Amino acid sequence: MALPYLFEFWALEHQIPPLNYWKTWIVLGGRGAGKTRAGAEWVRSQAEGALPETLGAAKRIALISDTYEQARDVMVHGESGILACSPPDRRPLWQASRRRLLWPNGAIAEICSAYDYEALRGRQFDAAWADELAKWKHAQEAWDMLQFALRLGENPRQCVSTTPRNMQLLKTLMAAPSSCITHAPTEANKAHLAASFLKEVRRRYAGTRLERQELDGLLVEDLENALWTDVALNAAQVKQAPELDRIVVAIDPPVTGHKASNACGIIVAGLRAKGPEQSWKAYVLYDATITGSSPSAWANIAVKAFHHWGAQRVIAEVNQGGDLVEAVLRQVAPMVPYKAVRAKFGKSMRAEPVAALYEQGRVFHLPGLNALEHQMCEMTLHGFQGQGSPDRVDALVWALSELMLKPHVKSIKPRMRLL
C-alpha cells in the first residue's frame, strides 16, 4: 500500500529537486508536464517526518497562487494536489474556514493569494510553494512580500512551479545564483496524458511561440520591434468586463475554405464609452477563431458569437472575398447588421494605432485569449514573424479600429438588406 506514495520511486527527473544548495527551486514545464505534482510532493517532503507524528523539515508552509480559489482548487484539492498525493495516515486536514492544511504532526500549510499580496504582511514561514508564478497579476509585489515572510527555520526555501512567460521576475529568479532549475516539455509526462491531446495541440500550434512556451516549457523572449509584449499584455488582464455600450464581432475570413486554409480570425470586443472619448476603454471578450473550416462553418460561428455576446454589428474584411463574404453571412443570418471593410495599408501599419491603445492602457483582455496574445507578440513593425497569417490579430485590429479609432481604412457603408 505504501508504494504508490513513494514519489521518489515514480517521479520523473524534473520532478526531483537537485541535491546541491539552493534557495529557490524552479520547476519549468509545458502544460501537463507534472509541475503541480512536483510542487505538492515537495511540500509533503517538507511537512512530513519519518513517522506520522514526527516533525519534518518545515512547520509553517505558504501555498501561494494568483488567487485563493486557484490555490485551494489546484494546490490543495487538485488531482495532483497535496491531498491527492498524501497517504491516509499522513493526509492533512483541510480547514476551510482558516484556509489551511493541518498535518498529524502539527505542520501547517496556509493558502495565500498573490492578488491579495498585502495579506502576507505579518505572516512568517519556513517553506513556500509558489504555483504558476508567471501568470500572477501582481507578481513582483507578491514575491517581495513572500520573501519578507520566509524567515523561519535554519534554511527557508521555496519551490516555484510554472509554465514560463516572458516576465522580468521569472528571468531574475532564473539568473540568481541561489536558484536551481529543472525543466521538461509536456511529452515528459505523456504516460498520464491522452495521446489525442498531445497529437492535436502539437499539430495546431506547431512552430509557434505558443508551442515553445506552453508545450516545450521554454522561456520565449520578446521579438525585436514587437508591437505587443508579454509584459504589456499581462498588464491588460482583467477578470471581467463592465457593462459595455457597444459590442462587435470582427472576422478575417480565409481566401479558401478547406482543411489547408488559413484560420478564420473571429474576435469579439466591446466598448465602454463613458466620459470624454480619450477615456473610453475597450475589452477583448472572446476569440472564436476557427481553423480548417468551410465558409458556412465560420459564418455560423461568427453569428453564434454575435447573438451570444449581444453584439451590435459584424465587421468583415473583404479584400479577398468581396461580396461573397456578405453572401455567406446572409445565408446564415439574413438580417445581421453588417459592415465590410477593405484594407488600404499593410498589416503592421494597420496594427500600430491599435497597439498604441494598449500602450495608453485603454484596452483590456478577458481570460482565455492565450492563442491571440501569442500571435500579437509575433507582430512587429516589420511584419508578422510567426507561421502562416496573423488571422486573430487581423480580426482584433478590425474590431478595435471600429470601436476606438477614426476610420483609417476605406470602409464600405454598412448595409442591412435581405439577399
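Guide: A residue is called buried when its relative accessible area is under 20%, exposed when that area is over 50%, and partly exposed in between (1.4 Å probe, protein chains only). By that rule, buried residues make up 52% of the 419 residues in the protein.

Some ground rules come next. This is a predicted model, in which local features need pLDDT of at least 70 and side-chain atom pairs count only at pLDDT 80 or more, while totals for chains, interfaces and linings use all residues. Numbering starts from 1 along each chain as its sequence is written, and side-chain values use heavy atoms, with hydrogens and water left out.

The protein has 14 helices and 17 strands. These are DSSP runs, numbered from the N terminus: helices (H or I) have at least four residues, strands (E) at least two. The C-alpha trace spans about 80 × 50 × 40 Å along its principal axes. A contact means heavy atoms within 4.5 Å. Of the contacts with a separation of 6 or more, 70% join residues 24 or more positions apart.

Here is the part you asked for. A nonpolar core is a set of buried Ala, Val, Leu, Ile, Met, Phe, Trp, Tyr and Cys residues, joined through side-chain atoms within 4.5 Å. In soluble globular proteins, nonpolar side chains tend to be buried together. The largest core here holds 33 residues. Trp228, Val284, Tyr358, Met376, Leu396 and Leu400 have the most contacts inside it. H14 gives the most, with nine residues.

Stop at Tyr358. Leaving aside neighbours within four places in sequence, Tyr358 is in contact with Trp228, Leu233, Val284, Val363, His365, Met376, Leu396 and Leu400. A second, separate core has 29 residues, among them Val249, Val303, Ala316 and Leu329.

Two of those names, Val303 and Leu329, also turn up where two helices meet. In H10 (residues 295–308), the contact involves Pro295, Ser296, Trp298, Ala299, Asn300 and Val303. H11 (residues 323–332) brings Val325, Val328, Leu329 and Val332. Counting Ala, Val, Leu, Ile, Met, Phe, Trp, Tyr, Cys and Pro as nonpolar, Asp, Glu, Lys and Arg as charged, and the others, Gly among them, as polar, this contact has eight nonpolar residues, two polar and no charged. The two axes come within 9 Å and cross at roughly 65°. Such axes are lines fitted to C-alpha atoms over the stretch in contact, with angles from 0 to 180 degrees between N-to-C directions.

Now step to Ala241, in the loop between H9 (230–235) and S9. Ala241 counts as partly exposed because its relative accessibility is 26%. Beyond residues up to four places away in sequence, Ala241 touches Tyr283, Leu285 and Leu366. Its C-alpha atom is 39 Å from that of Asp126, 115 residues apart along the chain.

Finish with a contrast. Ser65 sits in strand S2 (residues 60–65). Ser65 is buried because its relative accessibility is 3%. Setting aside neighbours within four places, its contacts include Cys112, Asp131 and Trp136. Arg98 lies in the loop between S3 (93–95) and S4 (100–102). With a relative accessible area of 54%, Arg98 is exposed.
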